Amino acid sequence: MEQRWLAIAAVLVMSLNAVLLLAVDNSEGAVPNAPSRAPPNDYLYFEAQSFDSDVYPTFVQDFYLYVSSMYSGEDYDDTDPTPGNYTAISELKYTFAGLYDDEMQLVNPAPIEWTKGTISDNYGKGYTLDTYWSNVNLYADDSSNSISFRVKKDGIAPGDYIIRVRGEFKTMTGWDGVDQFEFKRSYEDEHIHFSVRSCLSPTDEVDRPLVSWSEDLNQRPFYAGSNYRMVGMNYLYSYYGTMTDIRATLTITEPVFHVDDGVAFLPDLNTNTFLYWRVTAAPNAAPGPHVVMTQFTYKFNGIMVNETPVAHTLMVAHTPLLLPPENNGMTTPAAVLEQKDTEGNLVVMFRNAGNVALKNIRLRLDLQSSAYVKFKEFYYYEENSAYKIQSQMIVEAGDLAIGQEKEVTFPAFKLQQYMPPGKYMIPVDYECTYFDGGETGNPSGNVVAGYWDEKGINVHQDILQETWNPKPEDWQLIPFLYVMVEDDEMGPDIQMISHSSYISQTRGSTNRYMYFQIYNYEYYQFDRMTYTIHTDEGSPLLIPGSAENSTTTTFPPIYRPNLPAGSPGNIGSDTIQFYADIKDFAKVGATLVPIDISGFDQYMQPLEKRVYVELYIMGRQPKFKVISTSTSNVTDDGMVTVTATVQNYGEGIGYNITTQYFYSGSGYACTDGRLPLTTELRPGEKATVVFHVRTLAQSYYIRGSHYGYLSFSYYDETLNFYEMGSASDYFYFYIYAVLPNMYITDVRSGLLDWGKTTEVTVKVTNAGGTEAFDVMAYIPQNTNQFTIVDNEIEVGDIAAGQTKEFKFKVKAASEFTDGTTYTFYIYFKYRNVENRTLTYAEGEVEYLYLRTKERIGDNQIQVIQEKGIDDGTGILFMGIFVLIGMVIFTIVYSRVKKAPKEHGPDPSAHNKPKVRAWEE
């Protein structure tokens, strides 16, 4: 802060001096180039009192002159001086002798004007200073207490000025001894120094250098070749008061400079602390200081002030700038390459475009920073390591004088794979030396210059930003080596395929879902994509619901926001989905769908490309489905015949259809191979196929649910052969096996009598559909009144419908109830056609009734018979008995559980009801 105020004070002093110099009016009898002193010594001490050495436009300066006698009588040569005032200075008067600059050149017109400029001379008599160190104050006029001038507001030239003041007086040199004194007239010139300063501080500093800024307001050297650079003054402030409407004009007369707009404008000093102009320097602008002129107008406290021009310096730096050929908007690139060019030599002409000779030049292409750029209205810059051009050779280029050109060869120059077509800017790294002989005020001999990543020298970059960033919107850094990469004749590498799940389509099918995949093999993204799918030009597709002879040639466009870029090891991809009909007479086999693709890359360059998507068109296909099944009885060897009805529910005809049944489980097998179904089956028609199923082991039941699928092979309407395999129809069928079923159809026995043994003859009929093997019958002892003799009987095999007879004996106790019917159970075990042996507990249970003798009354033997299913009456009675048995089961179940168990297995383990004899 203290340094700032010291700077401000210095500026004010200089400004005030300049203002006063401009303000003096030389109409008061100033004498140009008059001698500064007449006498050999100073007879007077002179000083401007209340004088401010720094003045500003419109300011008023009030002061007075203080004069004191320094005369000691050295001019008086009489040895007896009388009277005693021989030291007196008399008739002292001061006049203004003119306004001069600091080189004592008369200033006209003056920058000041007097308001009270006549110095009082004691009403024309002058003043007498009668003793040594006597003094007097001189004012303006005889009635004023100060001398005044005002700094003008127009035509102000800030700078240092001198007011020249001439003093005229007499000194006594002798005396006649009576009453006469001798006098000598003398003159002395005095100088009052002051400075006229600008209110816009510190712009009044003569020879003050102008500063150069980059677009990001960083101060940088001003290089030769600078284009549209910001050059101006910083740290501006108003000395006193309010400043508005500030206009600054920069004038440069040297032809190597151009000021784009010589007038800079600031509305006030509250919004900006600096002002600048846009200056362009020719590449041959010499290093060192260049004189420029600035002129300012502004309102100071509401008063318009017009200053005259002031000299400043513009310092041009050394500019070691090496440039490749100009590209003229890429119309003349340094090289034109194809996208997959092999390596070769690249020959480029370089030029010393700076203002200093370059020596020991070394060049390299900065491939790590190469930029992919499309030129349209703006420049685009993108760093990506994938966008590389390969060439690592460092080239020695020797020396180049100012403006000289030289060919440089970069060997082994080639493109990276999949480098996007377009315009590339490759920064040129270089280093060199140049000689600084002191032109910029800082001689240092040979200087290393350039920009090289590994060395970290940024001079090159500074020069580029200074000389080739003409406007804020053009921010690219050059010099660049410009290379044009052209696409191959196929254009952008974009491909489209149908998703594998949807590539096969049937002609004549409707409203089919389509799923196309787009692959981008380029390393850049496309935006605003449009896909137009054709229905003409051999396309098999139709808009859903359209007739095959429709004149519509394309689907409505499909829009997608972008198609992502590919990258090394990856493919950019997107998908489109839609519904379509397949033409009735579309070409069968592989066929292509034309699709037009359009969009823009990230640099707004248009994409127009046609691709073809392959579909596989099939003839109308039949589809087969089992709609019903029926099964036969199980044969004695465990075989079942299955009849399946098949319907064609597809859209096409099937020819020469064969089929084969495959189990989906285990334990069973189909004994047939491939069987013919029919020679032709149209949509909606049916056909039947018969196949046989059997068990593979005794542990499996043939009865129950079975499932598998019929595999079909056929020729479609285009006589293409298809083998359907596991894609065929799954179905279930149920085998209701007719197993053996034992019925007691006849019982013959006498009446049971006390203490006697009665033989019972039983006929058993197999009412089931298959034979029972190794049949055994077992009659448990059911009560305490009766004992079964030899209660397990071998019956043998009983074929389906066959009846066999067996006998057993019942021994009665000594007492029981006479005339009563008792129920006896018979259990059967056997092996069935499933080759499974059913135990007594697993097999069937039948029952019969035996009646005791009526000991009082007739002695008629009553035998209750159950007739078999071959006798109609027997069947009727059998049904009645079953119903009665069910009632008895519910009544006597608990008693049956107490039956004796001396013989055979426990009847309670059987799955049929155990009923005790019914006592009447």
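A residue counts as partly exposed when its relative accessible area falls between the buried limit of under 20% and the exposed limit of over 50%. Tyr132 has a relative accessible area of 43%, so it is partly exposed. You'll find Tyr132 in the loop between strand E6 (127-129) and strand E7 (135-138). Together with Tyr45 and Trp133, Tyr132 forms a nonpolar patch on the surface, with about 330 Å² of accessible area for the three.

**The whole picture**

Keep in mind that this is a predicted model. The mean pLDDT of the protein is 78, and 76% of its residues reach 70 or more. Over residues 452-458, though, the pLDDT is below 50, and this stretch has 18 contacts in the model beyond near neighbours in sequence. Residues 469-477 also stay under 50, with 22 contacts beyond four places in sequence.

As for secondary structure, the protein has 3 helices and 63 strands. Of its 920 residues, 48% are buried. The accessible surface comes to about 43300 Å², and carbon and sulfur atoms hold 49% of that. Looking at contacts with a separation of 6 or more, 74% are between residues 24 or more positions apart.

**A buried threonine**

Is Thr591 buried or exposed? Thr591 has a relative accessible area of 9%, so it is buried. Thr591 sits in strand E44 (residues 589-601). Setting aside neighbours within four places in sequence, its contacts are Gly538, Pro540, Val613, Glu614, Leu615 and Ile617.

**Salt bridges**

The whole structure holds 23 salt bridges. Here are some of them:

| Pair | Closest N to O distance |
|---|---|
| Arg620 and Glu717 | 3.3 Å |

Arg197 is in the loop between strand E11 (181-196) and strand E12 (200-201) while Asp54 is in strand E2 (residues 54-55), so the pair ties together parts 143 residues apart in sequence. Both Arg197 and Asp54 are buried.

Asp189 and Arg166 are both buried.

Then there's the salt bridge between Arg620 and Glu717. This pair links distant parts of the chain, 97 residues apart. Arg620 is buried at 19% relative accessible area, whereas Glu717 is partly exposed at 28%. Finally, salt bridges with shared partners join Glu91, Glu168, Lys170 and Arg185 into one network.

Definitions and conventions
Residues are numbered from 1 along each chain as its sequence is written. This is a predicted model: local features need pLDDT of at least 70, side-chain atom pairs count only at pLDDT 80 or more; totals for chains, interfaces and linings use all residues. Side-chain values use heavy atoms; hydrogens and water are left out. Helices (H or I, at least four residues) and strands (E, at least two) are DSSP runs, numbered from the N terminus. Buried means under 20% relative accessible area, exposed over 50%, partly exposed in between (1.4 Å probe, protein chains only). Contact means heavy atoms within 4.5 Å. Accessible areas come from the Shrake-Rupley method with a 1.4 Å probe; for residues, only the protein chains shown count as cover. Patches are made of residues with over 30% relative accessible area and no salt bridge: like charges are joined within 9 Å, nonpolar side chains (Val, Leu, Ile, Met, Phe, Trp, Tyr) within 5 Å. A salt bridge is a side-chain nitrogen of Lys or Arg within 4 Å of a carboxyl oxygen of Asp or Glu. pLDDT is the predictor's confidence in each residue, from 0 to 100.
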